[in-house]
Amino acid sequence: MTSHPTDLQDTSASSAVPRRHREPAAPWRRRIRSRAFLASAPVLLTAVVVGTDLLTPDWLHVAPVLAAVPVLAAVLLPWWGTAVLACAVLVSTLLLQWEAGSYGQPDANVTLAGLFVVGLTSLAACSLWQRRERQLRQIRCVAETAQRALMHPLPRRIDSLALSGVYLPAESEARIGGDFYEALRTPYGTRVLIGDVRGKGLPAVGATATLLSAFRELAYREPSLTKAAEQLDARARRHIAALDGAPDPEEPVGRDTGHLFTERFATALLVEFPPEEPVARIVHCGHPEPYLVHAGEVRPCEPEHPGAPLGLGDLLAAQPAAQTVPFGPGDRLVLYTDGFIEARDRRGRFHDLATQVRAHTGRPLEAMVAGLRRDLLHHVRDDLGDDAALVALERLP
(Lines give C-alpha, C1' and ligand atoms only; values in the text may rest on other atoms or scores of the structure.)
Protein backbone atom coordinates (compact mmCIF):
# COMPACT_ATOMS: atom_id res chain seq x y z
CA MET A 1 0.00 0.00 0.00
CA THR A 2 1.37 3.41 -0.92
CA SER A 3 1.68 5.60 2.10
CA HIS A 4 0.02 8.95 1.78
CA PRO A 5 0.67 11.26 4.70
CA THR A 6 -2.13 13.70 5.42
CA ASP A 7 -2.73 16.65 7.73
CA LEU A 8 -4.19 14.27 10.29
CA GLN A 9 -0.73 12.90 10.88
CA ASP A 10 0.72 16.18 12.20
CA THR A 11 0.74 15.37 15.88
CA SER A 12 1.96 18.79 16.98
CA ALA A 13 -0.70 21.31 17.79
CA SER A 14 1.68 23.98 16.63
CA SER A 15 1.86 22.38 13.20
CA ALA A 16 -1.58 23.76 12.45
CA VAL A 17 -0.88 26.65 10.12
CA PRO A 18 -2.84 29.91 10.39
CA ARG A 19 -5.54 30.40 7.80
CA ARG A 20 -3.51 32.85 5.73
CA HIS A 21 -0.65 30.31 5.46
CA ARG A 22 -2.69 27.20 4.78
CA GLU A 23 -2.45 25.33 1.55
CA PRO A 24 -5.21 25.91 -0.99
CA ALA A 25 -8.35 23.85 -0.64
CA ALA A 26 -8.27 22.85 -4.31
CA PRO A 27 -6.78 19.36 -3.64
CA TRP A 28 -9.62 18.63 -1.20
CA ARG A 29 -12.21 19.77 -3.73
CA ARG A 30 -10.60 17.55 -6.36
CA ARG A 31 -10.70 14.63 -3.95
CA ILE A 32 -14.40 15.20 -3.23
CA ARG A 33 -15.18 15.36 -6.97
CA SER A 34 -13.18 12.18 -7.54
CA ARG A 35 -15.11 10.33 -4.85
CA ALA A 36 -18.43 11.55 -6.25
CA PHE A 37 -17.44 10.30 -9.71
CA LEU A 38 -16.45 6.90 -8.32
CA ALA A 39 -19.74 6.64 -6.43
CA SER A 40 -21.68 7.34 -9.62
CA ALA A 41 -19.69 4.79 -11.66
CA PRO A 42 -22.08 1.85 -11.05
CA VAL A 43 -25.05 3.97 -12.13
CA LEU A 44 -23.22 5.13 -15.26
CA LEU A 45 -22.23 1.55 -16.08
CA THR A 46 -25.86 0.44 -15.77
CA ALA A 47 -27.03 3.20 -18.10
CA VAL A 48 -24.30 2.46 -20.66
CA VAL A 49 -25.00 -1.28 -20.74
CA VAL A 50 -28.78 -0.83 -20.99
CA GLY A 51 -28.43 1.76 -23.75
CA THR A 52 -25.96 -0.42 -25.66
CA ASP A 53 -28.24 -3.44 -25.43
CA LEU A 54 -31.18 -1.44 -26.79
CA LEU A 55 -29.16 -0.06 -29.71
CA THR A 56 -27.48 -3.30 -30.79
CA PRO A 57 -29.12 -6.00 -32.97
CA ASP A 58 -31.30 -8.63 -31.34
CA TRP A 59 -28.70 -11.36 -31.84
CA LEU A 60 -26.18 -9.41 -29.70
CA HIS A 61 -26.99 -9.25 -25.97
CA VAL A 62 -24.72 -7.29 -23.65
CA ALA A 63 -27.10 -7.42 -20.67
CA PRO A 64 -24.95 -10.05 -18.83
CA VAL A 65 -22.34 -7.32 -18.38
CA LEU A 66 -24.73 -5.87 -15.78
CA ALA A 67 -23.34 -8.51 -13.40
CA ALA A 68 -20.38 -6.17 -12.84
CA VAL A 69 -22.65 -3.40 -11.47
CA PRO A 70 -23.41 -4.87 -8.00
CA VAL A 71 -19.79 -5.98 -7.66
CA LEU A 72 -18.60 -2.44 -8.35
CA ALA A 73 -21.28 -1.00 -6.09
CA ALA A 74 -20.15 -3.24 -3.20
CA VAL A 75 -16.74 -1.54 -3.32
CA LEU A 76 -17.88 2.05 -3.82
CA LEU A 77 -21.32 2.34 -2.18
CA PRO A 78 -22.90 1.52 1.19
CA TRP A 79 -25.03 -1.57 1.73
CA TRP A 80 -28.34 0.07 0.86
CA GLY A 81 -26.91 1.51 -2.38
CA THR A 82 -25.60 -1.90 -3.38
CA ALA A 83 -29.01 -3.46 -2.68
CA VAL A 84 -30.81 -0.82 -4.77
CA LEU A 85 -28.47 -1.30 -7.73
CA ALA A 86 -28.65 -5.10 -7.48
CA CYS A 87 -32.45 -4.88 -7.72
CA ALA A 88 -32.19 -2.34 -10.53
CA VAL A 89 -29.94 -4.71 -12.48
CA LEU A 90 -32.45 -7.55 -12.14
CA VAL A 91 -35.36 -5.34 -13.22
CA SER A 92 -33.38 -3.87 -16.14
CA THR A 93 -32.35 -7.31 -17.35
CA LEU A 94 -35.92 -8.60 -17.10
CA LEU A 95 -37.23 -5.63 -19.12
CA LEU A 96 -34.50 -6.07 -21.73
CA GLN A 97 -35.41 -9.74 -22.08
CA TRP A 98 -39.10 -8.84 -22.39
CA GLU A 99 -38.32 -6.26 -25.09
CA ALA A 100 -36.18 -8.77 -27.00
CA GLY A 101 -38.79 -11.51 -26.65
CA SER A 102 -36.46 -13.89 -24.82
CA TYR A 103 -38.14 -13.72 -21.43
CA GLY A 104 -38.92 -17.17 -20.04
CA GLN A 105 -36.35 -19.00 -22.18
CA PRO A 106 -33.81 -21.23 -20.43
CA ASP A 107 -30.79 -19.07 -21.19
CA ALA A 108 -32.66 -15.97 -20.03
CA ASN A 109 -33.62 -17.68 -16.76
CA VAL A 110 -30.00 -18.71 -16.21
CA THR A 111 -28.92 -15.09 -16.74
CA LEU A 112 -31.45 -13.85 -14.16
CA ALA A 113 -30.42 -16.52 -11.68
CA GLY A 114 -26.76 -15.62 -12.15
CA LEU A 115 -27.46 -11.93 -11.56
CA PHE A 116 -29.44 -12.81 -8.44
CA VAL A 117 -26.55 -14.84 -7.04
CA VAL A 118 -24.05 -12.10 -7.91
CA GLY A 119 -26.27 -9.53 -6.18
CA LEU A 120 -26.50 -11.57 -2.98
CA THR A 121 -22.75 -12.17 -3.01
CA SER A 122 -22.09 -8.47 -3.52
CA LEU A 123 -24.36 -7.61 -0.60
CA ALA A 124 -22.50 -10.06 1.63
CA ALA A 125 -19.13 -8.68 0.51
CA CYS A 126 -20.30 -5.10 1.06
CA SER A 127 -21.50 -5.94 4.55
CA LEU A 128 -18.17 -7.57 5.39
CA TRP A 129 -16.21 -4.67 3.90
CA GLN A 130 -18.18 -2.09 5.91
CA ARG A 131 -17.62 -4.06 9.10
CA ARG A 132 -13.88 -4.10 8.40
CA GLU A 133 -14.02 -0.35 7.75
CA ARG A 134 -15.64 0.22 11.14
CA GLN A 135 -12.98 -1.87 12.80
CA LEU A 136 -10.26 0.07 10.98
CA ARG A 137 -11.75 3.38 12.11
CA GLN A 138 -11.75 2.14 15.70
CA ILE A 139 -8.12 1.07 15.37
CA ARG A 140 -7.21 4.46 13.92
CA CYS A 141 -8.97 6.19 16.82
CA VAL A 142 -7.05 4.08 19.33
CA ALA A 143 -3.78 4.75 17.50
CA GLU A 144 -4.39 8.50 17.45
CA THR A 145 -5.22 8.46 21.17
CA ALA A 146 -2.07 6.47 21.89
CA GLN A 147 -0.03 8.87 19.75
CA ARG A 148 -1.34 11.90 21.63
CA ALA A 149 -0.61 10.20 24.96
CA LEU A 150 2.85 9.12 23.81
CA MET A 151 4.03 12.33 22.13
CA HIS A 152 2.43 15.45 23.51
CA PRO A 153 1.62 18.29 21.12
CA LEU A 154 4.26 20.98 21.12
CA PRO A 155 3.30 24.23 22.85
CA ARG A 156 3.31 27.25 20.60
CA ARG A 157 5.48 29.17 23.03
CA ILE A 158 7.66 28.51 26.07
CA ASP A 159 8.94 31.69 27.72
CA SER A 160 10.86 33.55 24.98
CA LEU A 161 10.82 30.63 22.55
CA ALA A 162 8.30 30.06 19.76
CA LEU A 163 7.94 26.43 18.66
CA SER A 164 6.44 24.65 15.69
CA GLY A 165 6.75 21.02 14.66
CA VAL A 166 5.50 18.37 12.28
CA TYR A 167 5.50 14.59 12.40
CA LEU A 168 4.92 12.32 9.40
CA PRO A 169 4.93 8.53 9.84
CA ALA A 170 6.01 6.48 6.84
CA GLU A 171 2.91 4.30 7.11
CA SER A 172 -0.06 6.64 7.15
CA GLU A 173 -2.44 4.02 8.52
CA ALA A 174 -0.18 3.31 11.49
CA ARG A 175 -0.16 6.91 12.79
CA ILE A 176 2.68 5.92 15.18
CA GLY A 177 6.32 5.59 14.24
CA GLY A 178 9.81 5.58 15.67
CA ASP A 179 10.52 9.34 15.55
CA PHE A 180 9.77 11.46 18.59
CA TYR A 181 10.20 14.90 20.09
CA GLU A 182 9.39 16.75 23.29
CA ALA A 183 9.78 20.29 24.66
CA LEU A 184 9.56 21.11 28.37
CA ARG A 185 9.89 24.16 30.61
CA THR A 186 12.26 23.14 33.43
CA PRO A 187 14.08 24.89 36.29
CA TYR A 188 17.18 24.89 34.07
CA GLY A 189 15.48 26.49 31.09
CA THR A 190 13.59 25.09 28.13
CA ARG A 191 14.77 21.64 27.15
CA VAL A 192 13.99 19.94 23.86
CA LEU A 193 14.51 16.34 22.75
CA ILE A 194 14.23 14.96 19.24
CA GLY A 195 15.17 11.41 18.29
CA ASP A 196 14.80 8.50 15.96
CA VAL A 197 14.50 4.89 17.09
CA ARG A 198 15.95 2.39 14.67
CA GLY A 199 13.29 0.06 13.35
CA LYS A 200 9.52 0.23 12.99
CA GLY A 201 6.42 -1.28 14.47
CA LEU A 202 5.61 -1.97 18.10
CA PRO A 203 9.25 -2.41 19.26
CA ALA A 204 10.05 1.09 18.02
CA VAL A 205 6.94 2.48 19.71
CA GLY A 206 7.95 0.81 22.99
CA ALA A 207 11.44 2.30 22.81
CA THR A 208 9.97 5.72 22.00
CA ALA A 209 7.70 5.55 25.04
CA THR A 210 10.63 4.54 27.25
CA LEU A 211 12.88 7.38 26.08
CA LEU A 212 10.19 10.04 26.24
CA SER A 213 9.13 9.08 29.76
CA ALA A 214 12.78 9.04 30.86
CA PHE A 215 13.44 12.47 29.33
CA ARG A 216 10.38 13.98 30.98
CA GLU A 217 11.71 12.83 34.34
CA LEU A 218 15.38 13.69 33.76
CA ALA A 219 14.69 17.13 32.28
CA TYR A 220 13.30 18.31 35.62
CA ARG A 221 15.66 16.40 37.89
CA GLU A 222 19.11 16.54 36.24
CA PRO A 223 20.88 19.95 36.21
CA SER A 224 23.50 18.81 33.66
CA LEU A 225 22.32 18.18 30.11
CA THR A 226 25.23 15.80 29.44
CA LYS A 227 24.33 13.79 32.55
CA ALA A 228 20.77 13.62 31.31
CA ALA A 229 22.06 12.23 27.99
CA GLU A 230 24.14 9.62 29.82
CA GLN A 231 21.14 8.51 31.86
CA LEU A 232 19.01 8.35 28.73
CA ASP A 233 21.62 6.04 27.24
CA ALA A 234 21.53 3.87 30.36
CA ARG A 235 17.75 3.75 30.21
CA ALA A 236 17.91 2.71 26.55
CA ARG A 237 20.35 -0.10 27.35
CA ARG A 238 18.12 -1.35 30.17
CA HIS A 239 15.17 -1.31 27.79
CA ILE A 240 17.13 -3.32 25.22
CA ALA A 241 18.25 -5.80 27.86
CA ALA A 242 14.68 -6.24 29.07
CA LEU A 243 13.52 -7.01 25.54
CA ASP A 244 16.27 -9.51 24.76
CA GLY A 245 16.80 -11.01 28.20
CA ALA A 246 20.10 -12.20 29.57
CA PRO A 247 22.49 -13.75 27.00
CA ASP A 248 22.82 -17.52 26.90
CA PRO A 249 26.16 -18.56 28.52
CA GLU A 250 26.54 -21.35 25.97
CA GLU A 251 26.36 -18.97 23.01
CA PRO A 252 29.64 -17.72 21.51
CA VAL A 253 30.90 -14.50 23.05
CA GLY A 254 29.76 -11.41 21.15
CA ARG A 255 27.07 -13.13 19.12
CA ASP A 256 24.09 -11.79 21.03
CA THR A 257 25.79 -8.50 21.74
CA GLY A 258 26.40 -7.81 18.04
CA HIS A 259 22.79 -8.50 17.14
CA LEU A 260 21.57 -6.61 20.16
CA PHE A 261 23.38 -3.33 19.65
CA THR A 262 23.45 -3.19 15.88
CA GLU A 263 19.71 -3.68 15.61
CA ARG A 264 18.41 -1.60 18.53
CA PHE A 265 19.44 1.94 19.29
CA ALA A 266 18.18 5.49 18.93
CA THR A 267 19.80 8.66 17.72
CA ALA A 268 18.87 11.77 19.70
CA LEU A 269 19.55 15.45 20.07
CA LEU A 270 19.14 17.26 23.39
CA VAL A 271 18.92 21.06 23.36
CA GLU A 272 18.82 23.40 26.34
CA PHE A 273 17.98 27.10 26.32
CA PRO A 274 19.16 28.52 29.66
CA PRO A 275 17.06 31.34 31.12
CA GLU A 276 18.38 34.86 30.60
CA GLU A 277 21.19 33.60 28.33
CA PRO A 278 21.23 34.12 24.54
CA VAL A 279 22.73 30.70 23.88
CA ALA A 280 21.66 27.14 23.13
CA ARG A 281 23.43 24.06 24.50
CA ILE A 282 23.30 21.04 22.23
CA VAL A 283 24.22 17.44 23.03
CA HIS A 284 24.58 15.22 19.96
CA CYS A 285 23.88 11.51 20.39
CA GLY A 286 24.55 10.22 16.88
CA HIS A 287 21.81 12.45 15.46
CA PRO A 288 21.92 14.67 12.34
CA GLU A 289 23.17 18.15 13.20
CA PRO A 290 20.54 20.90 13.42
CA TYR A 291 20.48 24.03 11.28
CA LEU A 292 21.00 27.44 12.87
CA VAL A 293 19.38 30.38 11.10
CA HIS A 294 21.04 33.71 11.94
CA ALA A 295 20.50 36.95 10.03
CA GLY A 296 19.10 35.02 7.07
CA GLU A 297 22.09 32.67 6.86
CA VAL A 298 21.72 28.94 7.44
CA ARG A 299 24.58 26.84 8.75
CA PRO A 300 24.71 23.36 10.29
CA CYS A 301 25.70 23.05 13.95
CA GLU A 302 28.26 20.31 13.47
CA PRO A 303 29.24 18.72 16.80
CA GLU A 304 32.72 19.25 18.15
CA HIS A 305 32.50 16.02 20.15
CA PRO A 306 29.65 13.84 18.84
CA GLY A 307 28.32 11.29 21.28
CA ALA A 308 27.19 7.73 20.68
CA PRO A 309 23.57 6.88 19.85
CA LEU A 310 21.42 5.96 22.81
CA GLY A 311 21.90 2.28 23.56
CA LEU A 312 25.49 2.15 22.29
CA GLY A 313 27.15 4.19 25.00
CA ASP A 314 29.02 1.28 26.56
CA LEU A 315 30.39 0.10 23.20
CA LEU A 316 31.72 3.39 21.85
CA ALA A 317 34.26 5.63 23.54
CA ALA A 318 32.39 8.82 22.62
CA GLN A 319 30.96 10.52 25.70
CA PRO A 320 28.14 13.07 25.50
CA ALA A 321 29.45 16.62 25.36
CA ALA A 322 27.54 19.91 25.31
CA GLN A 323 28.12 22.35 22.48
CA THR A 324 27.21 25.99 23.14
CA VAL A 325 26.12 28.14 20.20
CA PRO A 326 24.88 31.76 20.20
CA PHE A 327 21.12 32.00 19.98
CA GLY A 328 19.82 35.53 20.22
CA PRO A 329 16.53 37.21 19.37
CA GLY A 330 15.40 36.42 15.84
CA ASP A 331 17.59 33.31 15.56
CA ARG A 332 16.04 29.98 14.65
CA LEU A 333 17.07 26.39 15.25
CA VAL A 334 15.73 23.61 13.02
CA LEU A 335 15.86 20.11 14.49
CA TYR A 336 14.92 17.13 12.34
CA THR A 337 15.22 13.38 11.92
CA ASP A 338 16.88 11.59 9.02
CA GLY A 339 13.53 11.17 7.30
CA PHE A 340 13.88 14.80 6.17
CA ILE A 341 17.34 14.38 4.63
CA GLU A 342 17.39 10.77 3.46
CA ALA A 343 14.09 10.91 1.58
CA ARG A 344 14.62 10.20 -2.14
CA ASP A 345 12.60 11.14 -5.14
CA ARG A 346 11.85 8.80 -8.03
CA ARG A 347 15.27 9.54 -9.53
CA GLY A 348 17.04 8.58 -6.30
CA ARG A 349 18.01 12.14 -5.35
CA PHE A 350 18.11 13.03 -1.65
CA HIS A 351 15.94 15.79 -0.26
CA ASP A 352 18.04 18.96 0.23
CA LEU A 353 16.68 20.24 3.54
CA ALA A 354 19.30 22.98 3.91
CA THR A 355 18.25 24.57 0.62
CA GLN A 356 14.60 24.43 1.60
CA VAL A 357 15.33 26.02 4.99
CA ARG A 358 17.10 28.89 3.21
CA ALA A 359 14.12 29.31 0.91
CA HIS A 360 11.70 29.68 3.85
CA THR A 361 13.78 31.69 6.34
CA GLY A 362 11.92 34.93 5.59
CA ARG A 363 8.52 33.46 6.44
CA PRO A 364 6.85 33.21 9.88
CA LEU A 365 7.91 30.19 11.90
CA GLU A 366 4.73 28.16 11.39
CA ALA A 367 4.62 29.01 7.71
CA MET A 368 8.24 27.90 7.38
CA VAL A 369 7.46 24.53 8.97
CA ALA A 370 4.41 24.11 6.74
CA GLY A 371 6.55 24.91 3.71
CA LEU A 372 9.24 22.39 4.72
CA ARG A 373 6.59 19.73 5.19
CA ARG A 374 5.06 20.50 1.82
CA ASP A 375 8.47 20.46 0.12
CA LEU A 376 9.27 17.04 1.58
CA LEU A 377 5.99 15.49 0.44
CA HIS A 378 6.39 17.04 -2.99
CA HIS A 379 9.92 15.65 -3.26
CA VAL A 380 8.83 12.06 -2.49
CA ARG A 381 5.44 12.37 -4.23
CA ASP A 382 3.64 11.61 -0.95
CA ASP A 383 5.47 8.28 -0.66
CA LEU A 384 7.67 8.45 2.44
CA GLY A 385 10.03 5.56 3.01
CA ASP A 386 10.81 6.50 6.62
CA ASP A 387 9.26 8.45 9.46
CA ALA A 388 10.06 12.15 9.44
CA ALA A 389 9.88 14.69 12.25
CA LEU A 390 10.94 18.33 12.43
CA VAL A 391 10.91 20.95 15.19
CA ALA A 392 11.70 24.62 14.60
CA LEU A 393 12.40 27.10 17.42
CA GLU A 394 12.76 30.86 17.32
CA ARG A 395 14.04 33.21 20.00
CA LEU A 396 11.53 36.01 20.36
CA PRO A 397 12.56 39.58 21.21
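A residue is called buried under 20% relative accessible area, exposed over 50% and partly exposed in between, with a 1.4 Å probe and protein chains only. By that rule Phe273 is buried, at 2% relative accessibility.

The model is predicted, so local features need pLDDT of at least 70 and side-chain atom pairs count only at pLDDT 80 or more, while totals for chains, interfaces and linings use all residues. Residues are numbered from 1 along each chain as its sequence is written, and side-chain values use heavy atoms, with hydrogens and water left out.

**Aromatic pairs**

Rings of Phe, Tyr and Trp (its six-membered ring) form a pair if their centres lie within 6.5 Å; planes under 30 degrees apart count as stacked, over 60 as edge-to-face and the rest as tilted. The count by this rule is two aromatic pairs. In one of them, the ring centres of Phe273 and Phe327 are 5.2 Å apart and the planes stand at 50 degrees, so this pair is tilted. Phe273 belongs to strand 5 (residues 266-273) and Phe327 to the loop between strand 9 (322-326) and strand 10 (332-336), so the pair ties together parts that are 54 residues apart in sequence. Helices (H or I, at least four residues) and strands (E, at least two) are DSSP runs, numbered from the N terminus. Phe327 is buried, with a relative accessible area of 1%.

The rings of Tyr291 and Tyr336 have centres 5.4 Å apart and planes at 20 degrees, so this pair is stacked. Tyr291 is in strand 7 (residues 291-294) and Tyr336 in strand 10, so the pair links distant parts of the chain, 45 residues apart. Both Tyr291 and Tyr336 are buried.

**Salt bridges**

A salt bridge is a side-chain nitrogen of Lys or Arg within 4 Å of a carboxyl oxygen of Asp or Glu. The structure holds 12 salt bridges.

| Pair | N to O distance |
|---|---|
| Arg221 and Glu217 | 3.6 Å |
| Glu217 and Arg235 | 3.8 Å |
| Arg281 and Glu277 | 3.7 Å |

Glu217 takes part in salt bridges with Arg221 and with Arg235. Arg221 and Glu217 both lie in helix 5 (residues 201-221), four residues apart, about one turn of the helix. Glu217 is partly exposed at 39% relative accessible area, and Arg221 is partly exposed at 43%. The bridge between Glu217 and Arg235 links distant parts of the chain, with Glu217 in helix 5 and Arg235 in helix 6 (residues 225-244), 18 residues apart. Arg235 is partly exposed, at 22% relative accessibility.

Arg281 and Glu277 are also partly exposed, with relative accessibilities of 25% for Arg281 and 35% for Glu277.

**Surface patches**

Patches are made of residues with over 30% relative accessible area and no salt bridge; like charges are joined within 9 Å, and nonpolar side chains (Val, Leu, Ile, Met, Phe, Trp, Tyr) within 5 Å. Accessible areas come from the Shrake-Rupley method with a 1.4 Å probe, and for residues only the protein chains shown count as cover. Lys and Arg count as positive and Asp and Glu as negative, while His and the chain ends are not counted. The place of a charge is taken as NZ of Lys, CZ of Arg, CG of Asp or CD of Glu.

Arg131, Arg132, Arg134 and Arg137 form a positive surface patch. Arg131 sits in helix 4 (residues 106-150) and is partly exposed at 46% relative accessible area. A nonpolar surface patch of about 540 Å² consists of Val91, Leu94, Leu95, Trp98 and Tyr103. Val91 is in helix 3 (residues 79-100).

**Backbone and contacts over sequence distance**

Asp159 is not a glycine, yet has a positive phi of about 55 degrees. Asp159 lies in the loop between strand 1 (157-158) and strand 2 and is partly exposed at 46% relative accessibility. Ala295 also has a positive phi, near 55 degrees. Ala295 is in the loop between strand 7 and strand 8 (297-300) and is exposed, with a relative accessible area of 69%.

Leu163, in strand 2 (residues 161-168), is buried at 1% relative accessible area. Leu163 and Arg395 are 232 residues apart in sequence, with 9.2 Å from C-alpha to C-alpha. Gln147, in helix 4, is buried at 4% relative accessibility. The C-alpha atoms of Gln147 and Ala209 are 9.9 Å apart, and the two residues are 62 residues apart along the chain.
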